[in-house]
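Please open the model in your viewer and keep the sequence panel beside it. The stops below go from the whole chain to a group of aromatic side chains and then to the core around them.

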Amino acid sequence: MFGLQGVSHEHDWRVVVHVVGPVDQATGWCCDLGPLDRALERLLRGWDGGDLNVVIPEVAAGTLRPSTENLAQWMYMGLRDSVREPVTLVKVEVHESETLGAVYPVGSGGFT
């Protein structure tokens with residue numbers, strides 16, 4: 001279906017995480033970035049120059065196909081517990097190039 005794209009190949013990944021919430025007047029932030037950063041580091045470990053078929057356990061196990069659409073949803077699910085109320089995780093964008101990416105959840109103002 002995708003020809004040579006079905007063969008393992010590298011991408012220049014970019015992940016964008018969108019959160020909303022009231023800004024804390026003392027810190028100037030709406031979200032404690034520590035837990036979010038740690039969750040992102042855990043989820044993205046091995047992506048740079050790595051083979052997602054190996055570095056993501058669900059892909060290696062065959063339970064997740066590494067499309068940008070699936071990766072955006074997987075990333076969202078992996079980050080939602082690191083964001084605490086009153087902050088809300090709105091969406092996660094995963095881009096494999098400047099012109100190709102996906103957003104989860106669908107209908108959150110992004111592209112699919």
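The tour begins with the overall fold and then moves to individual selections.

This is a predicted model, in which local features need pLDDT of at least 70 and side-chain atom pairs count only at pLDDT 80 or more, while totals for chains, interfaces and linings use all residues. Residues are numbered from 1 along each chain as its sequence is written, and side-chain values use heavy atoms, with hydrogens and water left out.

**Whole chain.** Colour by secondary structure, and you will find four helices and three strands, where helices (H or I, at least four residues) and strands (E, at least two) are DSSP runs numbered from the N terminus. Read from the N terminus on, the elements follow the order β-α-α-α-α-β-β. Of the 112 residues, 29% count as buried, that is, under 20% relative accessible area with a 1.4 Å probe, protein chains only. Among contacts (heavy atoms within 4.5 Å) between residues at least 6 apart in sequence, 55% join residues at least 24 apart.

**Trp13 and Trp47.** Select these two next; they belong to the three aromatic pairs found in the whole structure, a pair being rings of Phe, Tyr or Trp (its six-membered ring) with centres within 6.5 Å, where planes under 30 degrees apart count as stacked, over 60 as edge-to-face and the rest as tilted. Trp13 and Trp47 are edge-to-face, 5.1 Å centre to centre with 65° between the planes. Trp13 lies in the segment before β1 (14-20) and Trp47 in the loop between α1 (33-44) and α2 (52-55), 34 residues apart.

**Around Trp47.** Leaving aside neighbours within four places in sequence, show the contacts of Trp47, which include Val15, Leu52, Ile56, Leu71, Met75 and Val94.

**The core.** Finally, select Trp47, Ile56, Met75 and Leu79, which touch the most other members of the largest nonpolar core, a set of 23 residues; such a core consists of buried Ala, Val, Leu, Ile, Met, Phe, Trp, Tyr and Cys residues joined through side-chain atoms within 4.5 Å. At least two residues of this core come from each of α1, α4 and β2 (88-95), and α4 supplies the largest share, six residues.

Conventions:
Buried means under 20% relative accessible area, exposed over 50%, partly exposed in between (1.4 Å probe, protein chains only).
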